[in-house]
Amino acid sequence: MCGIAGMMNMQRPAGIDTRLLQHINRIQHHRGPDDEGYYCDQWVGLAHRRLSIIDLSGGHQPLFNEDQTIAIVFNGEIYNFKTLAHELKSLGHEFRTLSDTEVIVHAWEEWGEACLSRFRGMFAFALWDSRKRALFLARDRLGKKPLFYTMTQKGQFIFASELKVLTVHPDVDLALRHELAEDYLMYGYIPDPHTAYRNIFKLPAGHALTLHPGQVPVPVQYWDLPETTTTLTWPQIQESLLEKIKEAVSIRMVADVPLGAFLSGGVDSSAIVALMSQLNTDPVNTCAIGFDQAKFDETQYARLIAQQYQTQHEEQQVSADDVSLVEILAQLYDEPFADDSALPTYLVCKLARQNVTVALSGDGGDEIFAGYRRYRFHLAEQKVRGLLPSPIRQPVFGLLGQIYPKADWAPRAFRAKTTLQSLALDSVDAYANTISKIRYQDRQSLFSAAYRHSLSGYTGAEILRQHALNTPTDDPLKFIQYLDFKTWLPGDILTKVDRASMANSLEVRAPLLDHALIEWAFQIESQDNIRRQTGKYCFKKVLEPLLPQAILYRPKMGFSLPLSHWFRHQLQPLLHEQVLSPVMMDSGYFEPRQLQKLVTEHASGRGDHGAALWSLLMFAQFLSRQA
């Protein structure tokens, strides 16, 4: 796991400012504290920060081919590198190291851009071919590893693993993207390919970019979730699912440094630990974070698995009254990021790094096997949409959604406002309403009249609509799973884990997000993923011999914080200081009276706006850093 950065002169061979390249690369020192390396010629400069995982003595980067005409900087792991190295050697390529990085160089020589289809792993890399005068950048299929880029007005293309690297470059345009507030307050993050900045972009997951002097950067998609032309039978699932996951775990256990696993006590992480224990004779290193309030604590379930599989288990308990780490989040994420589970994720990464350099996680299980409650709700809503034509459904449920009170304080069965609103919408807009951090109508009331007008009808749902045009299925469940794979997974889950782990110089690997496993699992019929209101049904059934019922079928808790409590007590001064600060009031995005109303209602207990206030607090911290 590493950090990469670089520059390319797009107009003429003017050389590279090596001091500037070193300066911006060292901003991401945390991504690779073990080593750094540079390559510069008249056209490009490549920079690398290394966290040593494989081939500790021979993996220095940039790394070159035999005649030094190709150079690469690489962040990630290629899990099938030994198989590829054997094939490339048989084709006449000579290897000087045992690292997976060198496989990419020779694969480019042999197969060009088609080399990406050969790689099984997580990666973001930049490869310079001086013979072709081509810079080739690529990001892995699911977006586990980040890659940002921009073009300066002086004609230089710049890229890096983290946004903060680009923002310190003196020639980078830091004007904010106009749709920033709308997109962020809907999603809680900025979806690919956008960033908070108008002229800085993320290379989307499953995309590559080949750049020659004088060209405009145009990413090209090389992978997408496959069209489901066939479906797996129940016997096929029962026979193969566990073995396929076990194989994905096995190839991720290769490392020349200490390795362990996160253990939250949920189904996914417990499954990974169980399979690791089967594959390794030594006890697995596991770790868990807990809270001193039972409502937010899952450590008893993590302990259950640790005892069953005799792991070397570490726990750390955090006081639910401890808000000292809130400020850390603003430094970890270089643009607004509202997932409050980022804080415990940071803590579990910090705990893991005390004993290991690589940790396996259970990320991806909910997306692949339909574990989120919102999936079940969406399917139920779709049945109603199918029964009532839109000329009847839209006005009836639209009116009910408007007049039904917003009852965050009430038992969940009585919180029907979101459902009524969604039933008035089509499938995409309904799902946009479901996943919104702040619902459309609430965003509209928060925004100033001038900002609403300037959006000209644009909403963040437009991003979902664009992805919906490319969905490979008309199955209603797979349809929204596809949308999550394009937005939620790379934009929230994988961003959260990458920044939190890299801040602690820890590599995290996610076996359930193996692309070969996903291509196979996407053939599972939706009725086998959600059955009798049980999500991840087939996944849980094959795990029954390995995990206790108390783990498999207990209600999902999630990895969250006591936000509502914090904002009425410890964080109330910070809330007033930042959400009601001049930088927010004068930003032009918001109606000041509405911000004041949210804070006052929540503090008095007349409303529960914890999630919205957290989103606004993170946004305020971002805006304050732009001054």
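Me: What covers the buried residues of H6?
Reply: First, the ground rules. This is a predicted model, in which local features need pLDDT of at least 70 and side-chain atom pairs count only at pLDDT 80 or more, while totals for chains, interfaces and linings use all residues. Residues are numbered from 1 along each chain as its sequence is written, and side-chain values use heavy atoms, with hydrogens and water left out. Now the terms. Helices (H or I, at least four residues) and strands (E, at least two) are DSSP runs, numbered from the N terminus. Buried means under 20% relative accessible area, exposed over 50%, and partly exposed in between (1.4 Å probe, protein chains only). Contact means heavy atoms within 4.5 Å. In H6, the buried residues are Ile 237, Leu 241, Ile 245, Ala 248, Val 249 and Ile 251. Their cover includes the helices H7 (267-279), H11 (365-369), H21 (515-521), H22 (526-529) and H23 (537-543), plus strand S16 (358-360).

Me: What span should helix H6 have, and how far apart are its end C-alpha atoms?
Reply: The expected span is 1.5 Å times one less than the number of residues. H6 has 18 residues (234-251), so it should span 26 Å; the end C-alpha atoms are 26 Å apart, which agrees.

Me: Where does H6 bend?
Reply: A bend at a residue is the angle between axes fitted to the seven residues ending there and the seven starting there. H6 bends at Ser 240, by about 35°.

Me: In what order do the five strands of the open sheet lie?
Reply: Two strands pair if DSSP finds at least two bridges between them. Here the order is S15-S14-S13-S16-S17, with parallel pairing. S15 (312-318) and S17 (507-509) are the edge strands, and each pairs on one side only. Direction ignored, neighbouring strands are turned by 30° against each other on average.

Me: How many bridges join S14 to S15?
Reply: Seven bridges join S14 (residues 285-291) to S15, and the two run parallel. Find Ala 288: its bridge partner in S15 is Glu 315. S13 is joined to S14 by three bridges, again parallel. There, Gly 260 has Asn 285 of S14 as its bridge partner.

Me: Is S14 mostly covered or mostly open?
Reply: Mostly covered. Six of the seven residues in S14 are buried. Helix H10 (residues 342-353) lies across S13 (259-262), S14 and S15, at about 145° to S14. Such axes are lines fitted to C-alpha atoms, for helices over the stretch in contact, and angles run from 0 to 180 degrees between N-to-C directions.

Me: Which residues does Asn 504 touch, leaving out those up to four places away in sequence?
Reply: Asn 504 touches Tyr 346, Cys 349, Lys 350 and Arg 353. Look for Asn 504 in the loop between H20 (488-502) and S17. Its relative accessibility is 12%, so Asn 504 counts as buried.

Me: What is the order of the six strands in the other open sheet?
Reply: The order is S2-S3-S1-S9-S8-S10, and the pairing is antiparallel. The edges are S2 (35-40) and S10 (200-202), each pairing on one side only. Neighbours are turned by 15° against each other on average, direction ignored. Helix H1 (residues 18-26) packs on this sheet, touching S1 (2-9), S2 and S3 (44-50). The direction of H1 makes about 145° with that of S2.

Me: How many bridges join S8 to S9?
Reply: Four bridges join S8 (residues 148-151) to S9 (residues 156-160), and the strands run antiparallel. Tyr 149 stands opposite Phe 159 of S9.

Me: Why is strand S11 called largely enclosed?
Reply: Four of the five residues of S11 (207-211) are buried, so the rest of the structure largely encloses this strand. S11 pairs with S7 (residues 134-139) over four bridges in the antiparallel sense. Leu 137 has Leu 209 of S11 as its bridge partner. S11 also pairs antiparallel with S12 (residues 220-221), over two bridges.

Me: At what angle do H5 and H29 pack?
Reply: H5 (residues 180-187) and H29 (residues 610-624) pack at about 145°, with axes 10 Å apart. Leu 180, Ala 181, Tyr 184 and Leu 185 of H5 meet residues of H29, including Phe 619 and Phe 622.

Me: Where is Ala 196?
Reply: Ala 196 is in the loop between H5 and S10. At 0% relative accessibility, Ala 196 counts as buried. Not counting residues up to four places away in sequence, its contacts include Leu 180 and Phe 622.
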